[in-house]
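Biologist: I want to learn how to read a model feature by feature. Can we take the general idea each time, then the case at hand?

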Amino acid sequence: MEDFWKAGLSRRWHTNADLNHTVDSVGGHGSRVALLLLYFAPNISREAIIEAISHDLGEYKVGDFPAPFKWENPDLAKTISKIEKEVVKSMGIPTFTLTPKETNLIKLCDMLDAWLWCKLHRPNLISRKDWKEMSKAMHNIAAELGVLHQFLKMVR
């Protein structure tokens with residue numbers, strides 16, 4: 001079996017005590033990120049869709065470091081991201097140079113998928129400080145990208 005296929009079966013949230021009981025796969029997450037991307041930008045490039053689908057597949061071999069850890073260690077987060085991208089490339093998935101708008105849309109969709117997952121499985125948590133901060137960051141990104149109206153429809 002090819003690693004890229006098995007990588008999609010990796011389990012998300014395994015280091016998050018609030019959500020590790022939920023069953024979410026990297027493949028499911030990547031698919032939802034791509035669908036959100038198409039929701040915000042129906043004419044987005046094929047390359048951006050591939051990036052959305054495959055952006056976390058490297059966690060299959062590198063592991064999934066919690067977002068707060070990455071935020072507190074930005075230099076290490078950059079190194080981890082670089083290694084993850086190399087792992088994805090080694091799986092035969094090409095890398096692309098995306099526009100800044102595409103990159104930021106994927107970032108928004110990645111965060112939004114996590115927030116929606118939390119809202120579905122642990123709705124009481126989205127009023128907590130960390131999730132509120134994430135919501136504010138997403139709101140700002142959506143406004144900068146000109147997709148605030150669509151974003152607000154998703155999070156209500």
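Biologist: Does Trp-13 count as buried or exposed?
Modeller: Keep in mind that this is a predicted model. The cut-off for buried is under 20% relative accessible area. Trp-13 has 10% relative accessibility, so Trp-13 counts as buried.

Biologist: Where does Trp-13 lie?
Modeller: Trp-13 is part of the loop between helix 1 and helix 2.

Biologist: What is the phi of Trp-13?
Modeller: General idea first. Now the case. Phi of Trp-13 is near 70°, a positive value, and Trp-13 is not a glycine.

Biologist: Next, charge pairs. How many salt bridges does the count come to?
Modeller: The general idea is simple. Opposite charges on side chains can pair when the charged atoms come close. A nitrogen to oxygen cut-off of 4 Å applies. The count comes to nine salt bridges.

Biologist: Which residue meets Asp-3 in a salt bridge?
Modeller: Lys-6 does, at 3.9 Å from N to O. Asp-3 and Lys-6 both sit in helix 1, residues 3–7. They are three residues apart, about one turn of the helix. Asp-3 is partly exposed, because its relative accessibility is 23%. Lys-6 has a relative accessible area of 29%, so Lys-6 is partly exposed too.

Biologist: And Arg-32 with Asp-24: how far apart are N and O in that salt bridge?
Modeller: The distance is 2.8 Å, N to O. Take the two partners in turn. Arg-32 has 25% relative accessibility and therefore counts as partly exposed. Asp-24 has a relative accessible area of 3%, so Asp-24 is buried.

Biologist: Which residue forms a salt bridge with Arg-128?
Modeller: Asp-130 is the partner, and the closest N and O atoms are 2.8 Å apart. Arg-128 counts as partly exposed because its relative accessibility is 33%. Asp-130, at 31%, counts as partly exposed.

Biologist: Which residues do salt bridges with shared partners join into one network?
Modeller: Arg-12, Asp-24, Arg-32 and Asp-113.

Biologist: Now the surface. Which residues form a nonpolar patch there?
Modeller: Phe-4, Trp-5 and Leu-9 do, with about 350 Å² of accessible area together. Look at Leu-9, in the loop between helix 1 and helix 2. The cut-off for exposed is over 50%. Leu-9 has a relative accessible area of 56%, so Leu-9 is exposed.

Biologist: On to the largest pocket. How much space lies in it?
Modeller: About 1,600 Å³. The lining of the largest pocket has 42 residues. Those nearest its centre are Asp-56, Ala-67, Lys-70, Trp-71 and Asp-110.

Biologist: Which helix gives the most to the lining of the largest pocket?
Modeller: Helix 6, with seven residues.

Biologist: What is the make-up of the lining of the largest pocket by class?
Modeller: The lining has 19 nonpolar, 14 charged and nine polar residues.

Biologist: One last feature: sequence distance against space. How far apart are Leu-38 and Ala-114?
Modeller: They are 76 residues apart in sequence, and 17 Å apart in space from C-alpha to C-alpha. Leu-38 belongs to helix 2. With 33% relative accessibility, Leu-38 counts as partly exposed.

Conventions
Residues numbered from 1 in each chain as written. Predicted model: local features only at pLDDT ≥ 70, side-chain atom pairs only at ≥ 80, totals over all residues. Heavy atoms only, no water. 1 Å grid on protein atoms, 1.4 Å probe; cavity = no way out; pocket = protein on both sides within 12 Å on 5 of 7 lines; lining within 4 Å. Points joined across faces, edges and corners; volume = space filled by probe spheres on them. Helix = DSSP H or I, 4+ residues; strand = E, 2+ residues; numbered from the N terminus. Nonpolar A, V, L, I, M, F, W, Y, C, P; charged D, E, K, R; others polar. Salt bridge = Lys/Arg side-chain N within 4 Å of Asp/Glu carboxyl O. Buried < 20%, exposed > 50% of the residue type's maximum accessible area, 1.4 Å probe, protein only. Patch = residues over 30% accessible without salt bridge, like charges linked within 9 Å, V, L, I, M, F, W, Y side chains within 5 Å. Areas by Shrake-Rupley, 256 points an atom, 1.4 Å probe, with all protein chains shown as cover.
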